[in-house]
Amino acid sequence: MTTQDSSTNRICEEILTTCAVTNLRKLTRLVTNGFNERIKSSGLRTTQICVILSIGREQGKPLTSYADELCMDLSTLTRSLDTLEKNGLILLKSGRRRERLAYLTKDGIQKIAEVYPLWQRAQADFIKTFGRDSWKNYLRAATGATDSAG
């Protein structure tokens with residue numbers, strides 16, 4: 001076993017308390033767990049809901065478009081899509097040049113309607129805890145960052 005000096009401790013402390021990745025991931029895990037608990041009765045998790053909502057906003061796009069929109073790699077998106085398709089919530093069709101296109105099914109549309117009031121309660125609780133102004137400021141900053149990165 002090696003001993004740490006105070007310099008190593010200071011470095012660890014600085015990174016753990018100021019690192020964007022570390023702190024955003026911690027917050028994301030807390031928020032995701034809270035939302036997942038609130039929407040559990042829908043049978044979906046927040047990651048699946050984000051995918052189905054993206055498809056619902058504009059159906060028939062190539063899967064790469066949804067992956068880009070959600071800042072997901074294609075293999076992660078495909079795993080979510082496969083589950084949603086097996087559950088009868090989406091339909092994947094072949095497009096041009098071997099592209100796959102995604103569409104909501106009638107059950108998928110109904111699932112969005114089922115999730116909406118659950119999401120509203122989870123969102124309201126989150127904003128109450130996080131603070132409305134803090135949330136608006138975060139959204140502005142996050143939207144700017146993701147828009148400029150994409």
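Cysteine 71 counts as exposed, at 61% relative accessibility (exposed is over 50% relative accessible area, buried under 20%, partly exposed in between, with a 1.4 Å probe and protein chains only). Its sulfur sits 11 Å from the closest cysteine sulfur, that of cysteine 50, which is too far for a bond. A disulfide here is a pair of cysteine sulfur atoms within 2.5 Å, and a search of the whole structure turns up zero of them. Cysteine 19 is in no disulfide either, its nearest cysteine sulfur being 12 Å away in cysteine 12. Cysteine 19 is partly exposed, at 23% relative accessible area.

A word on what you're looking at: this is a predicted model, where local features need pLDDT of at least 70 and side-chain atom pairs count only at pLDDT 80 or more, while totals for chains, interfaces and linings use all residues. Residues are numbered from 1 along each chain as its sequence is written, and side-chain values use heavy atoms, with hydrogens and water left out.

Now to the core. A nonpolar core means buried Ala, Val, Leu, Ile, Met, Phe, Trp, Tyr and Cys residues joined through side-chain atoms within 4.5 Å. The largest one has 19 residues, and Ile55, Leu63, Leu77, Leu81, Leu84 and Ile90 have the most contacts inside it. Two or more residues each come from H3, helix H4 (63–69), H5, strand E1 (90–94), strand E2 (100–104) and helix H6 (106–130); these are DSSP runs numbered from the N terminus, with helices (H or I) of at least four residues and strands (E) of at least two. H3 gives the largest share, four residues. A second, separate core of five residues includes Phe35, Ala122, Phe126 and Trp135.

Isoleucine 90 is worth a look. Leaving aside neighbours within four places in sequence, isoleucine 90 is in contact (heavy atoms within 4.5 Å) with Ile52, Ile55, Leu81, Leu84, Glu85, Tyr103, Leu104 and Thr105.

On to the helix pairs. H3 (residues 46–57) and H5 (residues 74–86) pack at about 85 degrees, with axes 10 Å apart. That makes H3 roughly perpendicular to H5 (65 to 115 degrees; under 35 is roughly parallel, over 145 roughly antiparallel, the rest oblique). Gln48, Val51, Ile52 and Ile55 of H3 meet Leu77, Ser80, Leu81, Thr83 and Leu84 of H5.

Helix H1 (residues 6–18) and helix H2 (residues 20–39) cross at roughly 50 degrees, their axes coming within 5 Å, and are therefore oblique to each other. Leu16, Thr17 and Thr18 of H1 touch Ala20, Thr22 and Asn23 of H2.

How values were computed:
Axes fitted to C-alpha atoms, helices over the stretch in contact; angles between N-to-C directions.
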